[in-house]
Amino acid sequence: MSPLTFVAISGSLRRGSHNTGLLRALLRLAPPDVAIDHFEDLGALPHFDQDLEDRPPAAVADLRRRVREADGVIIATPEYNSSIPGVLMNALDWLSRPAHDPSLRAKPVAVLGASPSQFGTARAQLVLRQVLHRIQAPVVAHPEVTVFRSHGRFDADGALTCDETTEGLLRDLLSGLIHLAAPTSTPSRAHAPGSRPRSVQVQA
Ligand SMILES: Cc1cc2nc3c(=O)[nH]c(=O)nc-3n(C[C@H](O)[C@H](O)[C@H](O)COP(=O)(O)O)c2cc1C
């Protein structure tokens, strides 16, 4: 089977972002036959304009092409005002159009997030899942990786201090995405998903 490619997007533009750090930790766990295309130009996307949906600006065309060519997408979202950041919603709007052929439709997606609060982006992830449902992009159901009290989980270089539980959840999320993108893949090509459905927060 040919290698899989996933586009990875952090919903934060912030230097030292916990979500970008979380995403990087996940990317390090990818098996050798999974290629990751880390999209880092979220801030370069212009505001969505429906007049331009059929002749998109270059930055949008680039993102759409990368998503279309990928086998799946990974989105790490911050929580802003109990929802997802505007920059992320803007990207999703571009990826949801034109209505007859949106690049994100039917594309498997894994979602995760980190927040300093007790809720670890649980509310933002609900919103994100709802948006992806509308776009008809299937989302990995389990595990729900909601990294709470994230300010205590990164070292001075911005790297996630990954304990065994955290690493296991990130591996399970990745395996769930691989399974959704290539249902016929054998468990040996990646860490097999947990046998029990899990909805687990990363523990302190
Ligand atoms: C505009 C704004 C709104 C926020 N709203 C929430 C919120 O509703 N819930 C929450 O847990 N954190 C909220 N936060 C705090 C963010 O979770 C925190 O800044 C987080 O570190 C952002 O993610 P990042 O580190 O990846 O940039 C908010 C932050 C900003 C800037």
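## Basis of the model

Because this is a predicted model, local features are reported only where pLDDT is at least 70 and side-chain atom pairs only at pLDDT 80 or more, while totals for chains, interfaces and linings use all residues. Residues are numbered from 1 along each chain as its sequence is written, and side-chain values use heavy atoms, with hydrogens and water left out.

## Overall architecture

The protein chain contains five helices and five strands, where helices (H or I, at least four residues) and strands (E, at least two) are DSSP runs numbered from the N terminus. Read from the N terminus on, the elements follow the order β-α-β-α-β-α-β-α-β-α.

Of the 204 residues in the protein chain, 48% are buried; buried means under 20% relative accessible area, exposed over 50%, and partly exposed in between, with a 1.4 Å probe and protein chains only. The protein chain exposes about 10000 Å², of which carbon and sulfur atoms supply 50%; accessible areas come from the Shrake-Rupley method with a 1.4 Å probe, and for residues only the protein chains shown count as cover. Among contacts (heavy atoms within 4.5 Å) with a separation of 6 or more, 78% are between residues 24 or more positions apart.

## Ligand surroundings

There are 14 residues around the ligand, and those that come nearest are Ser12, Arg14, Ser17, Asn81 and Ser115; a residue is near a molecule or strand if one of its heavy atoms lies within 4 Å of it. The shell divides into three nonpolar, eight polar and three charged residues, with Ala, Val, Leu, Ile, Met, Phe, Trp, Tyr, Cys and Pro counted as nonpolar, Asp, Glu, Lys and Arg as charged, and the others, Gly among them, as polar.

Polar contacts are pairs of N or O atoms within 3.5 Å; within protein, one must be able to donate a hydrogen and the other to accept it, and residues adjacent in sequence count only if both atoms are side-chain atoms. An N or O atom in the side chain of Asn19 lies 2.8 Å from an oxygen atom of the ligand, and an N or O atom in the side chain of Ser117 lies 2.9 Å from a ligand oxygen atom. A polar backbone atom of Asn81, in turn, is 2.7 Å from a nitrogen atom of the ligand. Taken alone the ligand exposes 630 Å², and the protein buries 71% of that.

## Nonpolar cores

In soluble globular proteins, nonpolar side chains tend to be buried together. A nonpolar core is taken here as a set of buried Ala, Val, Leu, Ile, Met, Phe, Trp, Tyr and Cys residues joined through side-chain atoms within 4.5 Å. The largest such core has 28 residues, of which Phe6, Leu22, Leu23, Ile74, Leu112, Val145 and Leu170 touch the most other members. At least two residues of this core come from each of β1 (4-10), α1 (18-28), β3 (72-76), β4 (109-114), β5 and α5, and α5 supplies the largest share, six residues. A second, separate core of 26 residues includes Val67, Ala70, Ile75 and Leu132.

Leu160, in the loop between β5 (145-147) and α5 (164-181), counts as buried at 8% relative accessibility. Beyond its neighbours within four places in sequence, Leu160 is in contact with residues including Gly21, Leu22, Ala25 and Leu170, and its C-alpha atom is separated by 9.3 Å from that of Leu23, 137 residues away along the chain.

Helix α3 (residues 86-95) has as its buried residues Leu88, Asn90, Ala91, Leu92, Trp94 and Leu95, and their cover includes β1, α2 (58-69), β3 and α4 (122-135). Asn90 has a relative accessible area of 13% and, leaving aside neighbours within four places in sequence, is in contact with Leu45, Pro46, His47 and Phe48.

Ser96 is placed in the loop between α3 and β4, where a polar atom of its side chain lies 2.7 Å from the backbone oxygen of Asp93.

## Backbone details

A cis peptide bond, with omega about -5°, joins Arg97 and Pro98, and the peptide bond from His142 to Pro143 is also cis, with omega near 0°. Pro98 lies in the loop between α3 and β4, whereas Pro143 lies in the loop between α4 and β5.

Positive phi values in residues other than glycine include that of Ser82, near 65°, and that of Thr121, near 75°.
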